[in-house]
Amino acid sequence: MARYILALDQGTTSSRAILFDSRGALVAKAQHEFEQRFPEPGWVEHDPQEIWQSQLRAARGVLSQAGASAADVHAIGITNQRETSIIWERESGAPIYPAIVWQSRQSAGICEALKQRGMEEELRRRSGLPLDSYFSASKLRFILDRVPGAQQRAERGELAFGTVDTWLLHKLSKGAVHATEHGNASRTMLYNLQQRGWDDALLAAFNLPRALLPELRPSSGDFGAADAEWLGAALPIAGVAGDQQAALFGQGCFARGDAKNTYGTGCFLLMNAGDSAPRSQSGLISTVAWQQGGDFAYALEGSVFVAGAAVQWLRDGLGLIENAAQSEALAREAGGNGGVYLVPAFVGLGAPHWDARARGALVGITRGTSRAQVVRAALEAIAYQSRDVVECFRSDAGFAPDVLRVDGGACHNDFLMQFQADILGLPVRRPPELEVTALGAAALAGLATDFWKNRESLRAALAESGGAGAKIFEPHMPAAQREELYGGWQRAVLRAKDWARD
Ligand code: ADP
(Lines give C-alpha, C1' and ligand atoms only; values in the text may rest on other atoms or scores of the structure.)
Protein backbone atom coordinates (compact mmCIF):
# COMPACT_ATOMS: atom_id res chain seq x y z
CA MET A 1 0.00 0.00 0.00
CA ALA A 2 1.27 3.47 -0.88
CA ARG A 3 2.25 5.67 2.05
CA TYR A 4 0.15 8.78 1.65
CA ILE A 5 -3.24 10.27 0.98
CA LEU A 6 -3.13 13.46 -1.06
CA ALA A 7 -5.71 16.06 0.01
CA LEU A 8 -6.54 18.86 -2.42
CA ASP A 9 -7.96 21.81 -0.48
CA GLN A 10 -9.35 24.30 -2.97
CA GLY A 11 -10.21 27.43 -0.96
CA THR A 12 -11.56 30.87 -1.75
CA THR A 13 -8.20 32.61 -1.89
CA SER A 14 -5.73 29.79 -2.38
CA SER A 15 -5.35 26.22 -3.58
CA ARG A 16 -3.54 23.93 -1.20
CA ALA A 17 -2.32 20.36 -1.33
CA ILE A 18 -1.44 18.34 1.77
CA LEU A 19 0.01 14.85 2.19
CA PHE A 20 -1.11 12.76 5.17
CA ASP A 21 0.40 9.47 6.27
CA SER A 22 -1.47 6.48 7.66
CA ARG A 23 -1.42 7.95 11.18
CA GLY A 24 -3.15 11.05 9.85
CA ALA A 25 0.01 13.08 10.39
CA LEU A 26 0.75 15.95 8.04
CA VAL A 27 3.81 15.18 5.92
CA ALA A 28 4.00 18.24 3.66
CA LYS A 29 1.89 21.06 2.30
CA ALA A 30 2.01 23.44 -0.63
CA GLN A 31 -0.14 26.45 -1.33
CA HIS A 32 -0.72 28.87 -4.21
CA GLU A 33 -2.86 31.96 -4.09
CA PHE A 34 -4.83 33.04 -7.11
CA GLU A 35 -6.54 36.15 -8.38
CA GLN A 36 -9.75 37.55 -6.91
CA ARG A 37 -11.72 39.54 -9.47
CA PHE A 38 -14.20 42.23 -8.54
CA PRO A 39 -15.66 43.29 -11.89
CA GLU A 40 -18.41 45.38 -10.24
CA PRO A 41 -19.22 46.35 -6.65
CA GLY A 42 -20.40 43.26 -4.78
CA TRP A 43 -19.30 40.85 -7.52
CA VAL A 44 -16.58 38.26 -6.89
CA GLU A 45 -15.30 36.00 -9.65
CA HIS A 46 -12.46 33.52 -10.20
CA ASP A 47 -10.90 32.22 -13.38
CA PRO A 48 -11.76 28.48 -13.39
CA GLN A 49 -8.58 27.66 -15.31
CA GLU A 50 -6.52 29.46 -12.68
CA ILE A 51 -8.29 27.50 -9.94
CA TRP A 52 -7.28 24.32 -11.72
CA GLN A 53 -3.74 25.40 -12.56
CA SER A 54 -3.02 26.60 -9.02
CA GLN A 55 -4.44 23.36 -7.63
CA LEU A 56 -2.34 21.25 -9.97
CA ARG A 57 0.79 23.24 -9.11
CA ALA A 58 0.11 22.74 -5.40
CA ALA A 59 -0.36 18.99 -5.91
CA ARG A 60 2.88 18.67 -7.86
CA GLY A 61 4.64 20.93 -5.38
CA VAL A 62 3.68 18.95 -2.32
CA LEU A 63 4.92 15.72 -3.89
CA SER A 64 8.27 17.20 -4.77
CA GLN A 65 8.56 18.77 -1.31
CA ALA A 66 8.05 15.38 0.30
CA GLY A 67 10.43 13.74 -2.18
CA ALA A 68 7.48 11.58 -3.19
CA SER A 69 5.95 10.48 -6.47
CA ALA A 70 2.53 9.24 -7.57
CA ALA A 71 3.62 5.77 -6.49
CA ASP A 72 3.55 7.00 -2.89
CA VAL A 73 -0.05 8.22 -3.16
CA HIS A 74 -2.76 5.74 -2.26
CA ALA A 75 -5.71 7.98 -3.16
CA ILE A 76 -6.80 11.59 -3.57
CA GLY A 77 -9.41 13.45 -1.51
CA ILE A 78 -10.90 16.80 -2.52
CA THR A 79 -12.32 19.56 -0.35
CA ASN A 80 -13.51 22.82 -1.81
CA GLN A 81 -14.91 26.30 -1.36
CA ARG A 82 -18.65 25.66 -1.43
CA GLU A 83 -21.43 27.06 -3.66
CA THR A 84 -19.03 28.72 -6.12
CA SER A 85 -20.40 27.84 -9.55
CA ILE A 86 -18.96 27.12 -12.98
CA ILE A 87 -20.62 26.24 -16.30
CA TRP A 88 -18.56 24.74 -19.11
CA GLU A 89 -19.03 23.26 -22.57
CA ARG A 90 -19.21 19.50 -22.41
CA GLU A 91 -17.41 19.06 -25.70
CA SER A 92 -14.46 21.41 -25.29
CA GLY A 93 -14.39 21.56 -21.48
CA ALA A 94 -14.12 25.35 -21.70
CA PRO A 95 -16.01 27.48 -19.16
CA ILE A 96 -18.54 29.84 -20.73
CA TYR A 97 -18.23 32.40 -17.91
CA PRO A 98 -15.92 32.94 -14.90
CA ALA A 99 -16.59 31.07 -11.67
CA ILE A 100 -19.12 33.05 -9.61
CA VAL A 101 -17.85 32.92 -6.06
CA TRP A 102 -20.09 32.12 -3.06
CA GLN A 103 -19.75 35.66 -1.64
CA SER A 104 -20.77 37.32 -4.88
CA ARG A 105 -24.01 39.29 -4.84
CA GLN A 106 -24.47 39.58 -8.60
CA SER A 107 -27.50 37.29 -8.65
CA ALA A 108 -29.27 39.00 -5.73
CA GLY A 109 -31.87 40.47 -8.11
CA ILE A 110 -32.83 36.96 -9.26
CA CYS A 111 -33.46 35.94 -5.65
CA GLU A 112 -35.40 39.12 -5.00
CA ALA A 113 -37.72 38.43 -7.94
CA LEU A 114 -38.42 34.90 -6.63
CA LYS A 115 -39.14 36.34 -3.20
CA GLN A 116 -41.67 38.68 -4.73
CA ARG A 117 -43.34 35.71 -6.38
CA GLY A 118 -43.72 34.27 -2.86
CA MET A 119 -41.39 31.32 -3.51
CA GLU A 120 -39.16 31.64 -0.46
CA GLU A 121 -40.98 29.26 1.85
CA GLU A 122 -41.30 26.45 -0.66
CA LEU A 123 -37.69 26.74 -1.73
CA ARG A 124 -36.58 26.59 1.88
CA ARG A 125 -38.81 23.61 2.62
CA ARG A 126 -37.32 21.65 -0.26
CA SER A 127 -33.68 22.72 -0.09
CA GLY A 128 -33.19 23.62 3.59
CA LEU A 129 -31.67 26.93 2.47
CA PRO A 130 -32.75 30.56 2.70
CA LEU A 131 -33.35 32.16 -0.70
CA ASP A 132 -30.04 33.92 -1.15
CA SER A 133 -27.49 34.59 -3.85
CA TYR A 134 -24.87 32.68 -1.82
CA PHE A 135 -26.21 29.41 -3.16
CA SER A 136 -25.53 28.14 -6.66
CA ALA A 137 -28.96 28.17 -8.35
CA SER A 138 -29.28 31.93 -8.86
CA LYS A 139 -25.65 32.07 -10.03
CA LEU A 140 -26.47 29.55 -12.77
CA ARG A 141 -29.52 31.56 -13.75
CA PHE A 142 -27.29 34.64 -13.94
CA ILE A 143 -24.78 32.93 -16.25
CA LEU A 144 -27.43 31.51 -18.57
CA ASP A 145 -29.07 34.95 -18.81
CA ARG A 146 -25.79 36.70 -19.37
CA VAL A 147 -24.19 34.52 -22.03
CA PRO A 148 -26.03 34.70 -25.39
CA GLY A 149 -27.56 31.39 -26.44
CA ALA A 150 -26.55 29.63 -23.22
CA GLN A 151 -30.08 28.72 -22.12
CA GLN A 152 -30.78 26.91 -25.40
CA ARG A 153 -27.42 25.18 -25.31
CA ALA A 154 -28.05 24.07 -21.74
CA GLU A 155 -31.43 22.67 -22.77
CA ARG A 156 -29.77 20.76 -25.62
CA GLY A 157 -27.41 19.17 -23.08
CA GLU A 158 -24.31 20.90 -24.43
CA LEU A 159 -23.34 22.53 -21.12
CA ALA A 160 -22.29 21.15 -17.74
CA PHE A 161 -22.54 22.75 -14.31
CA GLY A 162 -20.31 22.11 -11.37
CA THR A 163 -19.34 23.44 -7.99
CA VAL A 164 -15.56 23.51 -7.58
CA ASP A 165 -15.31 19.83 -6.57
CA THR A 166 -17.05 18.87 -9.82
CA TRP A 167 -14.82 21.20 -11.82
CA LEU A 168 -11.68 19.65 -10.34
CA LEU A 169 -13.03 16.13 -10.98
CA HIS A 170 -13.69 17.16 -14.57
CA LYS A 171 -10.15 18.49 -15.01
CA LEU A 172 -8.41 15.69 -13.12
CA SER A 173 -10.27 13.01 -15.09
CA LYS A 174 -9.89 14.86 -18.40
CA GLY A 175 -13.63 15.08 -18.81
CA ALA A 176 -14.41 11.46 -17.93
CA VAL A 177 -16.23 12.26 -14.68
CA HIS A 178 -19.11 14.71 -14.18
CA ALA A 179 -20.04 14.11 -10.56
CA THR A 180 -20.48 15.62 -7.14
CA GLU A 181 -21.50 14.31 -3.71
CA HIS A 182 -24.53 15.00 -1.56
CA GLY A 183 -22.95 17.59 0.73
CA ASN A 184 -21.84 19.91 -2.06
CA ALA A 185 -25.10 19.26 -3.90
CA SER A 186 -27.07 20.37 -0.85
CA ARG A 187 -25.58 23.89 -1.24
CA THR A 188 -26.84 24.40 -4.78
CA MET A 189 -30.50 25.02 -3.90
CA LEU A 190 -31.35 22.42 -6.55
CA TYR A 191 -31.18 19.48 -4.16
CA ASN A 192 -34.07 18.08 -2.15
CA LEU A 193 -32.91 17.57 1.39
CA GLN A 194 -35.47 14.93 2.38
CA GLN A 195 -35.43 12.99 -0.87
CA ARG A 196 -31.64 13.16 -1.18
CA GLY A 197 -31.66 13.97 -4.89
CA TRP A 198 -31.98 16.70 -7.50
CA ASP A 199 -35.39 18.34 -7.34
CA ASP A 200 -37.36 19.16 -10.50
CA ALA A 201 -39.47 21.78 -8.72
CA LEU A 202 -36.33 23.64 -7.63
CA LEU A 203 -34.91 23.40 -11.15
CA ALA A 204 -38.20 24.75 -12.50
CA ALA A 205 -38.20 27.68 -10.07
CA PHE A 206 -34.90 28.83 -11.57
CA ASN A 207 -35.78 27.62 -15.10
CA LEU A 208 -32.68 25.43 -15.19
CA PRO A 209 -32.53 22.24 -17.29
CA ARG A 210 -31.65 19.03 -15.50
CA ALA A 211 -29.16 18.23 -18.25
CA LEU A 212 -26.71 20.66 -16.63
CA LEU A 213 -26.40 18.67 -13.44
CA PRO A 214 -23.66 16.29 -12.35
CA GLU A 215 -24.25 12.77 -11.13
CA LEU A 216 -24.64 12.36 -7.34
CA ARG A 217 -22.28 10.03 -5.52
CA PRO A 218 -21.44 9.20 -1.90
CA SER A 219 -18.81 11.52 -0.37
CA SER A 220 -16.53 8.59 0.25
CA GLY A 221 -16.24 6.26 -2.75
CA ASP A 222 -15.31 6.05 -6.40
CA PHE A 223 -14.89 9.37 -8.23
CA GLY A 224 -12.80 7.93 -11.05
CA ALA A 225 -9.12 8.58 -11.53
CA ALA A 226 -6.81 11.53 -11.97
CA ASP A 227 -5.19 11.16 -15.36
CA ALA A 228 -1.56 9.98 -15.41
CA GLU A 229 -0.53 13.19 -17.15
CA TRP A 230 -1.06 15.26 -14.00
CA LEU A 231 1.00 13.55 -11.33
CA GLY A 232 2.88 10.86 -13.22
CA ALA A 233 0.50 7.93 -12.75
CA ALA A 234 -3.24 7.46 -12.67
CA LEU A 235 -4.52 7.90 -9.11
CA PRO A 236 -7.94 7.07 -7.67
CA ILE A 237 -10.05 9.96 -6.38
CA ALA A 238 -12.02 8.55 -3.47
CA GLY A 239 -13.30 11.35 -1.23
CA VAL A 240 -15.05 14.69 -1.79
CA ALA A 241 -16.58 17.19 0.64
CA GLY A 242 -17.15 20.92 0.86
CA ASP A 243 -14.79 22.72 3.24
CA GLN A 244 -17.05 22.96 6.30
CA GLN A 245 -18.34 19.42 5.92
CA ALA A 246 -14.77 18.16 5.54
CA ALA A 247 -13.78 20.02 8.71
CA LEU A 248 -16.71 18.43 10.58
CA PHE A 249 -15.51 15.01 9.41
CA GLY A 250 -11.85 15.82 10.08
CA GLN A 251 -12.81 16.82 13.62
CA GLY A 252 -14.34 13.39 14.08
CA CYS A 253 -17.89 14.71 14.59
CA PHE A 254 -19.40 11.39 13.56
CA ALA A 255 -22.20 11.18 16.12
CA ARG A 256 -25.44 13.14 16.30
CA GLY A 257 -24.83 16.23 18.45
CA ASP A 258 -21.09 16.43 17.72
CA ALA A 259 -20.15 19.97 16.71
CA LYS A 260 -17.22 22.07 15.60
CA ASN A 261 -16.52 25.77 15.34
CA THR A 262 -13.97 27.24 12.93
CA TYR A 263 -12.69 30.60 14.16
CA GLY A 264 -11.51 32.58 11.15
CA THR A 265 -12.55 35.93 9.72
CA GLY A 266 -16.04 34.77 10.67
CA CYS A 267 -17.05 31.64 12.54
CA PHE A 268 -18.58 28.55 10.99
CA LEU A 269 -20.41 26.28 13.41
CA LEU A 270 -21.72 22.92 12.27
CA MET A 271 -23.46 20.26 14.31
CA ASN A 272 -24.03 16.70 13.16
CA ALA A 273 -27.83 16.39 13.14
CA GLY A 274 -28.06 12.64 12.53
CA ASP A 275 -29.82 10.82 9.72
CA SER A 276 -32.95 12.88 9.25
CA ALA A 277 -33.10 16.33 7.70
CA PRO A 278 -33.33 18.94 10.45
CA ARG A 279 -35.71 21.89 10.26
CA SER A 280 -34.55 25.20 11.62
CA GLN A 281 -36.89 27.70 13.22
CA SER A 282 -34.01 30.09 13.91
CA GLY A 283 -32.89 30.58 10.34
CA LEU A 284 -29.93 28.19 10.46
CA ILE A 285 -29.02 26.27 7.33
CA SER A 286 -29.99 22.60 7.06
CA THR A 287 -27.50 20.74 4.98
CA VAL A 288 -26.11 17.32 4.15
CA ALA A 289 -22.92 16.54 6.04
CA TRP A 290 -21.82 13.44 4.08
CA GLN A 291 -22.62 10.00 2.85
CA GLN A 292 -19.86 7.72 4.04
CA GLY A 293 -20.20 3.96 4.28
CA GLY A 294 -23.67 3.32 5.63
CA ASP A 295 -23.88 6.75 7.22
CA PHE A 296 -25.94 9.48 5.60
CA ALA A 297 -25.58 12.45 7.95
CA TYR A 298 -27.20 15.87 8.00
CA ALA A 299 -25.92 18.97 9.76
CA LEU A 300 -27.21 22.26 11.08
CA GLU A 301 -24.98 25.18 10.18
CA GLY A 302 -24.78 28.68 11.56
CA SER A 303 -22.24 31.37 10.99
CA VAL A 304 -20.97 34.45 12.73
CA PHE A 305 -20.22 37.14 10.17
CA VAL A 306 -17.57 39.04 12.14
CA ALA A 307 -15.28 37.07 14.47
CA GLY A 308 -11.52 37.28 13.82
CA ALA A 309 -12.39 40.29 11.68
CA ALA A 310 -13.17 42.19 14.90
CA VAL A 311 -9.59 41.52 16.00
CA GLN A 312 -8.36 42.77 12.63
CA TRP A 313 -10.40 45.90 13.20
CA LEU A 314 -8.75 46.45 16.59
CA ARG A 315 -5.43 46.23 14.79
CA ASP A 316 -6.06 48.04 11.50
CA GLY A 317 -9.06 50.23 12.25
CA LEU A 318 -8.27 51.38 15.77
CA GLY A 319 -4.56 50.64 16.09
CA LEU A 320 -5.19 49.26 19.60
CA ILE A 321 -3.01 46.23 19.03
CA GLU A 322 -0.06 45.46 16.80
CA ASN A 323 -0.99 41.91 15.95
CA ALA A 324 -3.84 39.49 16.57
CA ALA A 325 -1.91 37.37 19.07
CA GLN A 326 -1.34 40.39 21.33
CA SER A 327 -5.07 40.49 22.05
CA GLU A 328 -4.64 37.51 24.36
CA ALA A 329 -2.23 39.19 26.80
CA LEU A 330 -4.30 42.38 26.84
CA ALA A 331 -7.52 40.51 27.54
CA ARG A 332 -5.91 38.80 30.51
CA GLU A 333 -4.48 42.09 31.72
CA ALA A 334 -8.00 43.57 31.74
CA GLY A 335 -8.99 41.06 34.42
CA GLY A 336 -12.67 41.37 33.52
CA ASN A 337 -14.76 43.13 30.93
CA GLY A 338 -15.53 46.03 33.30
CA GLY A 339 -19.10 46.02 31.98
CA VAL A 340 -17.93 46.76 28.43
CA TYR A 341 -19.46 44.90 25.48
CA LEU A 342 -18.52 45.18 21.83
CA VAL A 343 -21.23 44.04 19.41
CA PRO A 344 -19.33 43.70 16.12
CA ALA A 345 -22.46 43.93 13.94
CA PHE A 346 -20.38 45.62 11.23
CA VAL A 347 -22.43 44.01 8.47
CA GLY A 348 -25.61 43.31 10.43
CA LEU A 349 -26.34 40.26 12.56
CA GLY A 350 -27.07 36.66 11.55
CA ALA A 351 -28.66 33.83 13.54
CA PRO A 352 -30.65 34.12 15.70
CA HIS A 353 -31.09 37.90 15.33
CA TRP A 354 -31.26 38.23 11.52
CA ASP A 355 -31.03 41.98 11.49
CA ALA A 356 -29.37 43.47 8.40
CA ARG A 357 -29.81 46.95 9.89
CA ALA A 358 -27.84 46.17 13.04
CA ARG A 359 -24.52 48.01 13.28
CA GLY A 360 -21.56 47.77 15.60
CA ALA A 361 -21.90 49.08 19.13
CA LEU A 362 -19.55 49.54 22.05
CA VAL A 363 -21.61 49.87 25.22
CA GLY A 364 -20.98 50.16 28.94
CA ILE A 365 -18.04 52.54 28.55
CA THR A 366 -17.07 54.78 31.47
CA ARG A 367 -14.17 57.17 32.15
CA GLY A 368 -12.32 54.19 33.60
CA THR A 369 -12.63 52.00 30.49
CA SER A 370 -9.24 50.85 29.29
CA ARG A 371 -7.79 49.75 26.00
CA ALA A 372 -7.40 46.26 27.45
CA GLN A 373 -11.10 46.09 28.27
CA VAL A 374 -12.08 47.05 24.74
CA VAL A 375 -9.74 44.40 23.35
CA ARG A 376 -11.19 41.87 25.77
CA ALA A 377 -14.73 42.83 24.75
CA ALA A 378 -13.85 42.06 21.11
CA LEU A 379 -12.63 38.55 22.01
CA GLU A 380 -15.58 37.94 24.29
CA ALA A 381 -17.92 38.94 21.45
CA ILE A 382 -16.58 36.05 19.36
CA ALA A 383 -17.53 33.65 22.15
CA TYR A 384 -20.95 35.22 22.79
CA GLN A 385 -21.87 35.09 19.12
CA SER A 386 -20.81 31.45 18.97
CA ARG A 387 -23.00 30.71 21.97
CA ASP A 388 -25.90 32.42 20.17
CA VAL A 389 -25.54 29.82 17.40
CA VAL A 390 -25.20 26.92 19.86
CA GLU A 391 -28.46 28.11 21.47
CA CYS A 392 -30.05 27.89 18.01
CA PHE A 393 -28.76 24.31 17.68
CA ARG A 394 -30.40 23.54 20.99
CA SER A 395 -33.75 25.06 20.12
CA ASP A 396 -33.89 23.75 16.51
CA ALA A 397 -32.63 20.22 17.02
CA GLY A 398 -33.63 19.68 20.64
CA PHE A 399 -30.06 18.66 21.41
CA ALA A 400 -26.70 20.38 21.63
CA PRO A 401 -23.08 19.30 21.72
CA ASP A 402 -21.48 18.21 24.98
CA VAL A 403 -18.09 19.40 23.81
CA LEU A 404 -17.20 21.99 21.15
CA ARG A 405 -14.34 21.06 18.81
CA VAL A 406 -12.43 24.03 17.46
CA ASP A 407 -10.09 25.00 14.66
CA GLY A 408 -9.22 28.08 12.56
CA GLY A 409 -6.72 30.91 13.09
CA ALA A 410 -8.23 32.45 16.22
CA CYS A 411 -8.46 29.12 18.08
CA HIS A 412 -4.79 29.65 18.98
CA ASN A 413 -5.96 32.26 21.45
CA ASP A 414 -6.10 30.42 24.80
CA PHE A 415 -7.97 33.25 26.51
CA LEU A 416 -10.69 33.08 23.87
CA MET A 417 -10.93 29.28 24.11
CA GLN A 418 -11.20 29.35 27.90
CA PHE A 419 -13.81 32.09 27.75
CA GLN A 420 -15.71 30.11 25.11
CA ALA A 421 -15.77 27.08 27.42
CA ASP A 422 -16.87 29.26 30.33
CA ILE A 423 -19.62 31.03 28.44
CA LEU A 424 -20.99 27.81 26.95
CA GLY A 425 -20.58 25.81 30.13
CA LEU A 426 -19.03 23.12 27.89
CA PRO A 427 -15.52 21.81 27.32
CA VAL A 428 -13.75 23.12 24.24
CA ARG A 429 -11.43 20.69 22.47
CA ARG A 430 -8.56 21.87 20.27
CA PRO A 431 -6.90 19.04 18.32
CA PRO A 432 -3.14 18.99 17.78
CA GLU A 433 -3.60 18.80 14.00
CA LEU A 434 -5.42 21.95 12.93
CA GLU A 435 -5.55 21.16 9.21
CA VAL A 436 -8.84 19.41 9.87
CA THR A 437 -10.44 20.41 6.56
CA ALA A 438 -7.78 18.68 4.48
CA LEU A 439 -7.67 15.84 6.99
CA GLY A 440 -11.42 15.34 6.54
CA ALA A 441 -11.03 15.03 2.77
CA ALA A 442 -8.11 12.63 3.27
CA ALA A 443 -10.17 10.59 5.73
CA LEU A 444 -13.10 10.28 3.30
CA ALA A 445 -10.69 9.10 0.58
CA GLY A 446 -8.77 6.79 2.90
CA LEU A 447 -11.91 5.12 4.26
CA ALA A 448 -13.13 4.36 0.73
CA THR A 449 -9.87 2.70 -0.27
CA ASP A 450 -9.00 0.62 2.81
CA PHE A 451 -6.16 2.97 3.74
CA TRP A 452 -8.12 3.03 6.98
CA LYS A 453 -10.45 0.05 7.50
CA ASN A 454 -13.12 1.96 9.36
CA ARG A 455 -13.66 5.00 11.56
CA GLU A 456 -12.34 3.19 14.61
CA SER A 457 -9.01 2.44 12.96
CA LEU A 458 -8.87 6.01 11.67
CA ARG A 459 -9.50 7.30 15.18
CA ALA A 460 -6.90 4.93 16.61
CA ALA A 461 -4.35 6.10 14.05
CA LEU A 462 -5.07 9.74 14.86
CA ALA A 463 -4.86 9.12 18.59
CA GLU A 464 -1.51 7.43 18.13
CA SER A 465 -0.13 10.35 16.15
CA GLY A 466 -1.05 12.90 18.79
CA GLY A 467 -4.84 12.87 19.26
CA ALA A 468 -4.05 12.46 22.92
CA GLY A 469 -2.31 15.82 22.63
CA ALA A 470 -5.62 17.61 22.11
CA LYS A 471 -6.00 20.52 24.49
CA ILE A 472 -9.22 20.57 26.45
CA PHE A 473 -10.47 23.81 27.98
CA GLU A 474 -12.83 22.90 30.82
CA PRO A 475 -15.49 25.38 31.88
CA HIS A 476 -14.78 26.87 35.31
CA MET A 477 -17.13 29.81 35.55
CA PRO A 478 -20.02 29.48 38.00
CA ALA A 479 -23.36 29.21 36.19
CA ALA A 480 -24.74 32.40 37.77
CA GLN A 481 -21.82 34.46 36.53
CA ARG A 482 -22.03 32.87 33.09
CA GLU A 483 -25.68 33.73 32.69
CA GLU A 484 -25.19 37.24 34.03
CA LEU A 485 -22.45 37.92 31.49
CA TYR A 486 -24.48 36.38 28.68
CA GLY A 487 -27.47 38.45 29.77
CA GLY A 488 -25.29 41.54 29.44
CA TRP A 489 -24.39 40.49 25.92
CA GLN A 490 -28.05 40.08 25.01
CA ARG A 491 -28.82 43.57 26.33
CA ALA A 492 -25.90 44.99 24.34
CA VAL A 493 -27.21 43.31 21.18
CA LEU A 494 -30.53 45.11 21.66
CA ARG A 495 -28.67 48.44 21.53
CA ALA A 496 -27.01 47.47 18.23
CA LYS A 497 -30.17 46.31 16.49
CA ASP A 498 -32.17 48.19 13.88
CA TRP A 499 -29.65 51.02 13.72
CA ALA A 500 -28.86 51.71 10.05
CA ARG A 501 -31.26 53.82 7.99
CA ASP A 502 -31.44 53.60 4.20
P1 ADP B 1 -9.64 32.90 7.29
O2 ADP B 1 -9.47 31.48 6.83
O3 ADP B 1 -11.05 33.34 7.48
O4 ADP B 1 -8.81 33.88 6.53
P5 ADP B 1 -7.91 32.16 9.53
O6 ADP B 1 -8.37 30.84 9.99
O7 ADP B 1 -6.63 32.26 8.78
O8 ADP B 1 -9.07 32.95 8.78
O9 ADP B 1 -7.82 33.11 10.83
C10 ADP B 1 -7.48 34.46 10.72
C11 ADP B 1 -8.35 35.29 11.63
O12 ADP B 1 -8.12 34.93 12.98
C13 ADP B 1 -8.07 36.77 11.51
O14 ADP B 1 -9.31 37.46 11.45
C15 ADP B 1 -7.31 37.13 12.78
O16 ADP B 1 -7.67 38.41 13.23
C17 ADP B 1 -7.76 36.07 13.75
N18 ADP B 1 -6.68 35.64 14.66
C19 ADP B 1 -5.54 35.01 14.32
N20 ADP B 1 -4.80 34.76 15.42
C21 ADP B 1 -5.49 35.24 16.47
C22 ADP B 1 -5.27 35.28 17.88
N23 ADP B 1 -4.17 34.77 18.43
N24 ADP B 1 -6.22 35.86 18.66
C25 ADP B 1 -7.35 36.37 18.11
N26 ADP B 1 -7.60 36.35 16.80
C27 ADP B 1 -6.70 35.80 15.99
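**Helix packing and some local features**

Helices α13 and α14 are oblique to each other, in a scheme where angles under 35 degrees count as roughly parallel, over 145 as roughly antiparallel, 65 to 115 as roughly perpendicular, and the rest as oblique. Before I go on, please keep in mind that this is a predicted model, in which local features need pLDDT of at least 70 and side-chain atom pairs count only at pLDDT 80 or more, while totals for chains, interfaces and linings use all residues. Residues are numbered from 1 along each chain as its sequence is written, and side-chain values use heavy atoms, with hydrogens and water left out.

The helices (H or I, at least four residues) and strands (E, at least two) that I name are DSSP runs, numbered from the N terminus. For α13, residues 371–397, and α14, residues 414–424, the axes cross at roughly 40° and come within 9 Å; such axes are lines fitted to C-alpha atoms, for helices over the stretch in contact, with angles running from 0 to 180 degrees between N-to-C directions.

How does α13 pack with α17? Their axes are 11 Å apart at an angle of about 95°, and the two helices are therefore roughly perpendicular to each other. The α13 residues in this second contact include Ala381, Gln385 and Asp388, and they meet a set in α17 that includes Leu485, Tyr486 and Trp489.

Let me turn to α2, residues 108–116, whose buried residues are Ile110, Cys111 and Leu114. These cover an arc of only 100° around the axis, which puts them on the same side of α2, the arc being that of the directions from the helix axis to the C-beta atoms. Just after α2 comes Gly118, with a positive phi of about 75°.

On cysteines, the structure holds zero disulfides, a disulfide being a pair of cysteine sulfur atoms within 2.5 Å. For Cys392, the closest cysteine sulfur is that of Cys267, at 14 Å, which is too far for a bond. Cys411 is likewise in no disulfide, and its nearest cysteine sulfur, in Cys267, is 10 Å away. Cys392 is buried at 2% relative accessibility, and Cys411 is buried at 0%.

Finally, some backbone details. Most residues other than glycine have a negative phi, and most peptide bonds are trans. Asn207, in the loop between α8 and β12, has a positive phi of about 50° and is partly exposed at 44%. The peptide bond from Ala351 to Pro352 is cis, with omega near -5°, and Pro352 lies in the loop between β19 and β20.

Methods: Buried means under 20% relative accessible area, exposed over 50%, partly exposed in between (1.4 Å probe, protein chains only). Contact means heavy atoms within 4.5 Å.
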